[in-house]
Amino acid sequence: MRLADTRIRNARPGAKPCKLFDGGGLFLLVTPKGQRWWRLKYRWQGREKLISLGVYPAVSLAEARRRRDEAKRLLARGIDPSARRRAEKEAQRKRDEGSFARVADTWLAFKAPTWAPATRRKAELVVRRHLIPALGKHSIDTLSGRDAAPVLRRLAAEAPVLAVKARQYLQAIVRHAIGEGLRAEGRTLMLDGILPVAANREHIPAATLPEEAAEVMRAIRRHPQPVTRAALLLCAYTAQRPGTVVAMRWDELSADLSEWRIPGGKMKTRHAHIVPLPRQAVALLESLRPLSGGEGHVFPSLAGRRTPHLNRDSLSKALRAMGFGGRHATHGFRAMFRTLARERLGIDSDILEAQLAHAKRGEVQAAYDRTAFTEARRLAMQRWADWLDELAADQAVAAVARWRRGGLSPHGRAVGSHPEKAR
(Lines give C-alpha, C1' and ligand atoms only; values in the text may rest on other atoms or scores of the structure.)
Protein backbone atom coordinates (compact mmCIF):
# COMPACT_ATOMS: atom_id res chain seq x y z
CA MET A 1 0.00 0.00 0.00
CA ARG A 2 1.35 3.41 -0.99
CA LEU A 3 1.84 5.88 1.81
CA ALA A 4 -0.30 8.93 2.47
CA ASP A 5 0.51 12.01 4.55
CA THR A 6 -2.29 11.11 6.99
CA ARG A 7 -0.77 7.71 7.70
CA ILE A 8 2.68 9.27 8.22
CA ARG A 9 1.38 11.89 10.64
CA ASN A 10 -0.60 9.32 12.60
CA ALA A 11 2.27 6.86 12.89
CA ARG A 12 3.19 6.43 16.54
CA PRO A 13 6.68 5.40 17.70
CA GLY A 14 6.88 1.97 19.23
CA ALA A 15 9.39 0.02 21.24
CA LYS A 16 11.22 -0.89 18.04
CA PRO A 17 11.88 1.02 14.81
CA CYS A 18 8.98 0.77 12.37
CA LYS A 19 9.18 0.84 8.55
CA LEU A 20 6.33 2.31 6.46
CA PHE A 21 6.84 1.28 2.81
CA ASP A 22 5.73 3.35 -0.18
CA GLY A 23 6.94 1.15 -3.03
CA GLY A 24 9.99 1.04 -5.29
CA GLY A 25 12.24 0.52 -2.28
CA LEU A 26 11.19 3.80 -0.58
CA PHE A 27 10.18 3.60 3.08
CA LEU A 28 9.86 5.84 6.12
CA LEU A 29 11.75 4.69 9.23
CA VAL A 30 9.99 5.73 12.45
CA THR A 31 12.32 5.47 15.45
CA PRO A 32 11.28 4.86 19.09
CA LYS A 33 12.10 8.54 19.74
CA GLY A 34 9.62 9.64 17.08
CA GLN A 35 12.11 10.59 14.37
CA ARG A 36 11.00 9.95 10.77
CA TRP A 37 13.75 9.26 8.23
CA TRP A 38 13.29 8.57 4.54
CA ARG A 39 15.31 5.62 3.25
CA LEU A 40 15.70 3.98 -0.14
CA LYS A 41 16.60 0.30 -0.44
CA TYR A 42 18.17 -0.78 -3.72
CA ARG A 43 20.54 -3.38 -5.14
CA TRP A 44 23.94 -2.54 -6.62
CA GLN A 45 26.15 -5.19 -8.21
CA GLY A 46 24.21 -7.93 -6.43
CA ARG A 47 24.36 -6.31 -3.00
CA GLU A 48 21.57 -4.62 -1.06
CA LYS A 49 22.30 -1.00 -0.12
CA LEU A 50 20.52 1.86 1.67
CA ILE A 51 20.62 5.57 1.02
CA SER A 52 19.13 8.40 3.09
CA LEU A 53 16.70 10.73 1.34
CA GLY A 54 16.07 13.20 4.16
CA VAL A 55 13.95 13.73 7.29
CA TYR A 56 10.17 14.10 7.39
CA PRO A 57 8.50 16.65 7.43
CA ALA A 58 11.39 18.76 6.06
CA VAL A 59 11.33 16.38 3.10
CA SER A 60 7.71 15.77 2.14
CA LEU A 61 6.31 12.56 0.74
CA ALA A 62 6.23 14.04 -2.75
CA GLU A 63 9.86 15.18 -2.50
CA ALA A 64 10.95 11.78 -1.16
CA ARG A 65 9.31 10.12 -4.18
CA ARG A 66 11.07 12.55 -6.53
CA ARG A 67 14.43 11.71 -4.93
CA ARG A 68 13.65 7.99 -5.21
CA ASP A 69 12.88 8.36 -8.91
CA GLU A 70 16.11 10.32 -9.45
CA ALA A 71 18.08 7.54 -7.75
CA LYS A 72 16.36 4.97 -10.00
CA ARG A 73 17.38 6.94 -13.08
CA LEU A 74 21.01 6.91 -11.90
CA LEU A 75 20.83 3.14 -11.39
CA ALA A 76 19.46 2.74 -14.92
CA ARG A 77 22.54 4.62 -16.19
CA GLY A 78 24.88 2.35 -14.23
CA ILE A 79 25.62 4.88 -11.46
CA ASP A 80 25.53 4.02 -7.75
CA PRO A 81 23.44 6.75 -6.00
CA SER A 82 25.51 6.40 -2.81
CA ALA A 83 28.75 6.93 -4.75
CA ARG A 84 27.23 9.94 -6.51
CA ARG A 85 26.17 11.37 -3.13
CA ARG A 86 29.69 10.97 -1.73
CA ALA A 87 31.21 12.60 -4.80
CA GLU A 88 28.83 15.56 -4.53
CA LYS A 89 29.62 16.01 -0.83
CA GLU A 90 33.36 15.86 -1.54
CA ALA A 91 33.01 18.40 -4.34
CA GLN A 92 31.11 20.71 -2.00
CA ARG A 93 33.79 20.28 0.69
CA LYS A 94 36.45 21.22 -1.82
CA ARG A 95 34.48 24.31 -2.77
CA ASP A 96 34.02 25.28 0.89
CA GLU A 97 37.52 24.43 2.17
CA GLY A 98 39.64 24.21 -0.96
CA SER A 99 40.46 27.80 -1.81
CA PHE A 100 44.17 28.55 -1.66
CA ALA A 101 43.55 31.20 1.02
CA ARG A 102 41.69 28.72 3.25
CA VAL A 103 44.28 25.96 2.84
CA ALA A 104 47.17 28.38 3.40
CA ASP A 105 45.57 29.55 6.66
CA THR A 106 45.06 26.00 7.90
CA TRP A 107 48.65 25.10 6.95
CA LEU A 108 50.02 28.05 8.92
CA ALA A 109 47.94 27.05 11.94
CA PHE A 110 49.08 23.42 11.59
CA LYS A 111 52.78 24.32 11.40
CA ALA A 112 52.90 27.19 13.91
CA PRO A 113 53.38 25.01 17.04
CA THR A 114 56.52 23.45 15.53
CA TRP A 115 58.15 26.74 14.51
CA ALA A 116 60.31 29.20 16.39
CA PRO A 117 58.72 32.67 16.57
CA ALA A 118 61.05 34.10 13.90
CA THR A 119 60.25 31.24 11.51
CA ARG A 120 56.53 31.72 12.09
CA ARG A 121 56.76 35.45 11.44
CA LYS A 122 58.64 34.91 8.18
CA ALA A 123 56.15 32.31 6.96
CA GLU A 124 53.17 34.50 7.83
CA LEU A 125 54.79 37.50 6.14
CA VAL A 126 55.41 35.63 2.88
CA VAL A 127 52.11 33.74 2.81
CA ARG A 128 49.78 36.55 3.92
CA ARG A 129 51.48 39.46 2.18
CA HIS A 130 52.57 37.86 -1.09
CA LEU A 131 50.87 34.51 -1.76
CA ILE A 132 47.30 34.87 -0.49
CA PRO A 133 46.60 38.26 -2.14
CA ALA A 134 47.68 36.86 -5.52
CA LEU A 135 46.46 33.25 -5.32
CA GLY A 136 43.86 33.27 -2.56
CA LYS A 137 40.77 32.78 -4.79
CA HIS A 138 42.29 29.90 -6.77
CA SER A 139 41.08 26.39 -6.00
CA ILE A 140 43.90 24.37 -4.47
CA ASP A 141 42.69 21.40 -6.52
CA THR A 142 43.37 23.13 -9.84
CA LEU A 143 46.23 25.45 -8.88
CA SER A 144 49.10 25.01 -11.35
CA GLY A 145 52.71 26.05 -11.73
CA ARG A 146 51.58 28.44 -14.45
CA ASP A 147 49.38 30.24 -11.89
CA ALA A 148 52.21 30.49 -9.35
CA ALA A 149 55.08 31.42 -11.70
CA PRO A 150 54.23 35.16 -12.16
CA VAL A 151 53.79 35.61 -8.41
CA LEU A 152 57.16 34.05 -7.61
CA ARG A 153 58.97 35.97 -10.35
CA ARG A 154 57.58 39.31 -9.20
CA LEU A 155 58.72 38.55 -5.66
CA ALA A 156 62.13 37.42 -6.91
CA ALA A 157 62.64 40.81 -8.55
CA GLU A 158 62.08 42.52 -5.17
CA ALA A 159 63.43 39.99 -2.65
CA PRO A 160 65.19 36.92 -4.10
CA VAL A 161 65.57 35.17 -0.74
CA LEU A 162 61.87 35.60 0.09
CA ALA A 163 60.97 34.25 -3.36
CA VAL A 164 62.82 31.03 -2.59
CA LYS A 165 60.95 30.78 0.72
CA ALA A 166 57.66 31.48 -1.07
CA ARG A 167 58.29 28.61 -3.46
CA GLN A 168 59.08 26.35 -0.52
CA TYR A 169 55.89 27.39 1.29
CA LEU A 170 53.80 26.90 -1.86
CA GLN A 171 54.97 23.32 -2.19
CA ALA A 172 54.29 22.66 1.49
CA ILE A 173 50.77 24.12 1.25
CA VAL A 174 49.98 21.93 -1.76
CA ARG A 175 51.31 18.83 0.04
CA HIS A 176 49.12 19.73 3.03
CA ALA A 177 46.10 19.97 0.70
CA ILE A 178 46.89 16.52 -0.71
CA GLY A 179 47.05 15.12 2.80
CA GLU A 180 43.65 16.66 3.58
CA GLY A 181 42.10 15.17 0.44
CA LEU A 182 41.60 18.58 -1.19
CA ARG A 183 43.91 17.80 -4.10
CA ALA A 184 44.59 14.58 -6.02
CA GLU A 185 47.43 12.34 -4.82
CA GLY A 186 50.80 13.04 -6.42
CA ARG A 187 49.80 16.38 -7.97
CA THR A 188 52.55 18.58 -6.55
CA LEU A 189 53.40 21.87 -8.25
CA MET A 190 56.10 21.90 -10.92
CA LEU A 191 58.13 24.94 -9.84
CA ASP A 192 61.66 23.92 -10.86
CA GLY A 193 63.39 26.50 -13.02
CA ILE A 194 60.78 29.20 -12.35
CA LEU A 195 63.10 31.44 -10.32
CA PRO A 196 66.27 33.08 -11.66
CA VAL A 197 69.50 31.26 -10.82
CA ALA A 198 70.57 34.05 -8.45
CA ALA A 199 67.42 33.60 -6.38
CA ASN A 200 67.85 29.83 -6.24
CA ARG A 201 71.20 30.23 -4.50
CA GLU A 202 69.45 31.73 -1.49
CA HIS A 203 72.68 33.25 -0.13
CA ILE A 204 72.17 35.78 2.63
CA PRO A 205 74.50 38.74 2.03
CA ALA A 206 77.20 38.90 4.68
CA ALA A 207 80.52 40.63 5.33
CA THR A 208 82.97 37.72 5.34
CA LEU A 209 86.26 39.55 4.79
CA PRO A 210 88.02 41.44 7.63
CA GLU A 211 87.85 44.77 5.80
CA GLU A 212 84.13 44.28 5.12
CA ALA A 213 83.43 43.38 8.75
CA ALA A 214 85.44 46.43 9.87
CA GLU A 215 83.32 48.67 7.64
CA VAL A 216 80.11 47.22 9.07
CA MET A 217 81.25 47.60 12.69
CA ARG A 218 82.40 51.20 12.21
CA ALA A 219 79.11 52.12 10.53
CA ILE A 220 77.06 50.57 13.32
CA ARG A 221 79.01 52.49 15.96
CA ARG A 222 78.07 55.72 14.18
CA HIS A 223 74.35 54.91 14.02
CA PRO A 224 72.43 57.68 15.84
CA GLN A 225 69.63 55.56 17.34
CA PRO A 226 70.98 53.98 20.58
CA VAL A 227 68.51 51.07 20.83
CA THR A 228 68.98 50.04 17.18
CA ARG A 229 72.75 50.49 17.52
CA ALA A 230 72.89 48.29 20.61
CA ALA A 231 70.77 45.55 18.99
CA LEU A 232 72.99 45.47 15.90
CA LEU A 233 76.12 45.29 18.03
CA LEU A 234 74.63 42.47 20.09
CA CYS A 235 73.86 40.58 16.86
CA ALA A 236 77.53 40.94 15.93
CA TYR A 237 78.91 40.02 19.38
CA THR A 238 76.66 36.95 19.94
CA ALA A 239 75.91 35.69 16.38
CA GLN A 240 72.34 34.91 17.43
CA ARG A 241 69.35 35.23 15.10
CA PRO A 242 68.24 38.87 14.86
CA GLY A 243 64.62 38.01 15.63
CA THR A 244 65.75 36.37 18.87
CA VAL A 245 68.00 39.31 19.77
CA VAL A 246 65.29 41.97 19.46
CA ALA A 247 62.93 39.81 21.58
CA MET A 248 65.47 39.44 24.43
CA ARG A 249 63.97 39.81 27.90
CA TRP A 250 65.65 40.84 31.14
CA ASP A 251 64.43 37.70 32.92
CA GLU A 252 66.41 35.61 30.40
CA LEU A 253 69.69 37.14 31.60
CA SER A 254 71.77 36.00 34.56
CA ALA A 255 72.15 38.39 37.50
CA ASP A 256 75.62 39.49 36.39
CA LEU A 257 74.52 39.65 32.71
CA SER A 258 77.23 37.18 31.73
CA GLU A 259 74.78 34.64 30.29
CA TRP A 260 71.70 34.83 28.14
CA ARG A 261 69.45 31.80 28.61
CA ILE A 262 67.13 31.63 25.61
CA PRO A 263 63.99 29.50 26.19
CA GLY A 264 63.42 26.59 23.82
CA GLY A 265 60.22 28.19 22.52
CA LYS A 266 62.25 30.99 20.97
CA MET A 267 64.77 28.72 19.29
CA LYS A 268 64.53 27.24 15.82
CA THR A 269 65.71 23.88 17.21
CA ARG A 270 63.12 24.12 20.04
CA HIS A 271 65.93 23.49 22.56
CA ALA A 272 66.94 26.03 25.24
CA HIS A 273 70.24 27.73 24.44
CA ILE A 274 72.84 29.33 26.71
CA VAL A 275 74.73 32.25 25.15
CA PRO A 276 77.89 33.46 26.94
CA LEU A 277 78.04 37.24 26.77
CA PRO A 278 81.39 39.03 26.34
CA ARG A 279 82.23 42.17 28.30
CA GLN A 280 81.16 44.37 25.39
CA ALA A 281 77.68 42.87 25.39
CA VAL A 282 77.39 43.29 29.17
CA ALA A 283 78.28 46.99 28.84
CA LEU A 284 75.58 47.40 26.16
CA LEU A 285 72.98 45.78 28.38
CA GLU A 286 73.92 48.01 31.33
CA SER A 287 73.45 51.06 29.12
CA LEU A 288 69.96 49.87 28.14
CA ARG A 289 68.73 49.06 31.66
CA PRO A 290 67.43 52.59 32.41
CA LEU A 291 65.09 52.44 29.39
CA SER A 292 62.93 49.70 30.94
CA GLY A 293 64.08 49.54 34.53
CA GLY A 294 65.44 46.04 33.98
CA GLU A 295 61.98 44.56 33.34
CA GLY A 296 60.24 43.22 30.25
CA HIS A 297 62.07 43.46 26.94
CA VAL A 298 65.65 44.64 26.74
CA PHE A 299 65.10 46.50 23.47
CA PRO A 300 61.95 48.61 23.85
CA SER A 301 59.91 49.49 20.80
CA LEU A 302 60.85 52.67 18.98
CA ALA A 303 58.56 55.70 19.23
CA GLY A 304 55.31 55.31 17.31
CA ARG A 305 55.57 51.50 17.02
CA ARG A 306 52.89 49.21 18.45
CA THR A 307 55.14 46.18 18.80
CA PRO A 308 56.15 45.20 22.37
CA HIS A 309 59.85 45.35 21.46
CA LEU A 310 62.18 46.57 18.74
CA ASN A 311 61.20 45.10 15.39
CA ARG A 312 63.69 43.02 13.45
CA ASP A 313 62.80 45.06 10.34
CA SER A 314 64.22 48.12 12.09
CA LEU A 315 67.64 46.45 12.04
CA SER A 316 67.35 45.59 8.35
CA LYS A 317 66.24 49.13 7.56
CA ALA A 318 69.18 50.55 9.51
CA LEU A 319 71.69 48.41 7.60
CA ARG A 320 70.18 49.44 4.26
CA ALA A 321 70.25 53.09 5.29
CA MET A 322 73.97 52.72 6.09
CA GLY A 323 74.59 51.47 2.55
CA PHE A 324 74.75 47.71 3.18
CA GLY A 325 71.70 46.71 1.12
CA GLY A 326 72.61 43.55 -0.81
CA ARG A 327 75.99 43.43 0.97
CA HIS A 328 75.23 42.58 4.59
CA ALA A 329 71.91 41.56 6.16
CA THR A 330 70.92 41.19 9.79
CA HIS A 331 71.16 37.40 9.47
CA GLY A 332 74.56 37.91 7.86
CA PHE A 333 76.19 38.43 11.28
CA ARG A 334 75.94 34.66 11.74
CA ALA A 335 77.73 33.95 8.45
CA MET A 336 80.30 36.61 9.32
CA PHE A 337 80.98 34.90 12.64
CA ARG A 338 81.05 31.38 11.19
CA THR A 339 83.51 32.39 8.44
CA LEU A 340 85.87 34.86 10.11
CA ALA A 341 86.01 33.21 13.53
CA ARG A 342 87.14 30.01 11.85
CA GLU A 343 89.40 31.42 9.15
CA ARG A 344 91.01 34.31 11.07
CA LEU A 345 90.85 33.20 14.68
CA GLY A 346 91.02 29.42 14.28
CA ILE A 347 88.07 28.67 16.55
CA ASP A 348 87.05 25.02 16.42
CA SER A 349 84.07 24.29 14.17
CA ASP A 350 82.25 22.42 16.94
CA ILE A 351 82.42 25.52 19.14
CA LEU A 352 81.14 27.71 16.33
CA GLU A 353 78.24 25.36 15.61
CA ALA A 354 77.35 25.20 19.29
CA GLN A 355 77.29 29.00 19.51
CA LEU A 356 75.09 29.23 16.42
CA ALA A 357 72.78 26.55 17.92
CA HIS A 358 72.68 24.65 14.66
CA ALA A 359 70.79 21.36 14.77
CA LYS A 360 72.91 18.24 15.08
CA ARG A 361 73.39 16.35 11.85
CA GLY A 362 72.02 12.83 11.68
CA GLU A 363 69.43 11.14 13.87
CA VAL A 364 71.96 9.51 16.20
CA GLN A 365 73.89 12.73 16.81
CA ALA A 366 70.69 14.69 17.32
CA ALA A 367 69.46 12.12 19.86
CA TYR A 368 72.62 11.62 21.92
CA ASP A 369 75.06 14.50 21.38
CA ARG A 370 74.16 17.17 23.96
CA THR A 371 77.61 18.84 23.99
CA ALA A 372 77.27 22.59 24.53
CA PHE A 373 80.93 23.73 24.90
CA THR A 374 79.69 26.46 27.23
CA GLU A 375 83.03 27.33 28.84
CA ALA A 376 84.94 27.05 25.57
CA ARG A 377 82.37 29.31 23.95
CA ARG A 378 82.75 31.83 26.76
CA LEU A 379 86.44 32.25 25.94
CA ALA A 380 85.82 32.15 22.20
CA MET A 381 83.10 34.81 22.25
CA GLN A 382 85.24 37.18 24.30
CA ARG A 383 88.03 36.72 21.79
CA TRP A 384 85.57 37.33 18.94
CA ALA A 385 84.20 40.52 20.48
CA ASP A 386 87.71 41.85 21.15
CA TRP A 387 88.70 41.10 17.56
CA LEU A 388 85.62 42.91 16.20
CA ASP A 389 86.49 45.97 18.29
CA GLU A 390 90.04 45.90 16.97
CA LEU A 391 88.72 45.57 13.43
CA ALA A 392 86.62 48.67 13.92
CA ALA A 393 89.73 50.47 15.16
CA ASP A 394 91.75 49.33 12.10
CA GLN A 395 93.93 47.02 14.22
CA ALA A 396 92.95 43.71 12.60
CA VAL A 397 96.45 42.88 11.39
CA ALA A 398 97.93 43.52 14.81
CA ALA A 399 95.24 41.40 16.46
CA VAL A 400 95.94 38.37 14.30
CA ALA A 401 99.69 38.84 14.68
CA ARG A 402 99.44 38.85 18.48
CA TRP A 403 97.48 35.62 18.46
CA ARG A 404 99.98 33.92 16.20
CA ARG A 405 102.94 35.03 18.36
CA GLY A 406 101.59 33.29 21.45
CA GLY A 407 99.09 33.46 24.28
CA LEU A 408 95.76 31.68 24.33
CA SER A 409 93.77 30.53 21.33
CA PRO A 410 90.08 31.45 21.12
CA HIS A 411 89.10 28.11 22.67
CA GLY A 412 91.28 28.53 25.76
CA ARG A 413 94.28 26.33 24.90
CA ALA A 414 97.82 27.49 24.41
CA VAL A 415 98.54 27.96 20.71
CA GLY A 416 101.30 25.37 20.81
CA SER A 417 98.90 22.76 22.21
CA HIS A 418 96.33 23.14 19.43
CA PRO A 419 95.76 19.69 17.88
CA GLU A 420 96.08 21.04 14.36
CA LYS A 421 99.34 22.85 15.27
CA ALA A 422 100.71 19.72 16.94
CA ARG A 423 100.28 17.76 13.74
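The structure is a predicted model, in which local features require pLDDT of at least 70 and side-chain atom pairs pLDDT 80 or more, while totals for chains, interfaces and linings use all residues. Residues are numbered from 1 along each chain as its sequence is written, and side-chain values use heavy atoms, without hydrogens and water.

The chain contains 19 helices and six strands, taken as DSSP runs (H or I, at least four residues, for helices; E, at least two, for strands) numbered from the N terminus. Of its 423 residues, 44% are buried, that is, under 20% relative accessible area with a 1.4 Å probe, protein chains only. Among contacts (heavy atoms within 4.5 Å) with a separation of 6 or more, 58% join residues 24 or more positions apart.

Helix α9 (residues 210–221) packs with helix α14 (residues 332–343) at an angle of about 140°, their axes lying 11 Å apart. Axes are lines fitted to C-alpha atoms over the stretch in contact, and angles run from 0 to 180 degrees between N-to-C directions. Pro210, Ala213, Val216 and Ile220 of α9 meet Phe333, Met336 and Leu340 of α14. By class, this contact of α9 with α14 has seven nonpolar, no polar and no charged residues; Ala, Val, Leu, Ile, Met, Phe, Trp, Tyr, Cys and Pro count as nonpolar, Asp, Glu, Lys and Arg as charged, and the others, Gly among them, as polar.

With helix α17 (residues 374–392), α9 packs at about 85°, with the axes 8 Å apart. The contact of α9 with α17 has eight nonpolar, no polar and three charged residues.

Terms used. Buried < 20%, exposed > 50% of the residue type's maximum accessible area, 1.4 Å probe, protein only.
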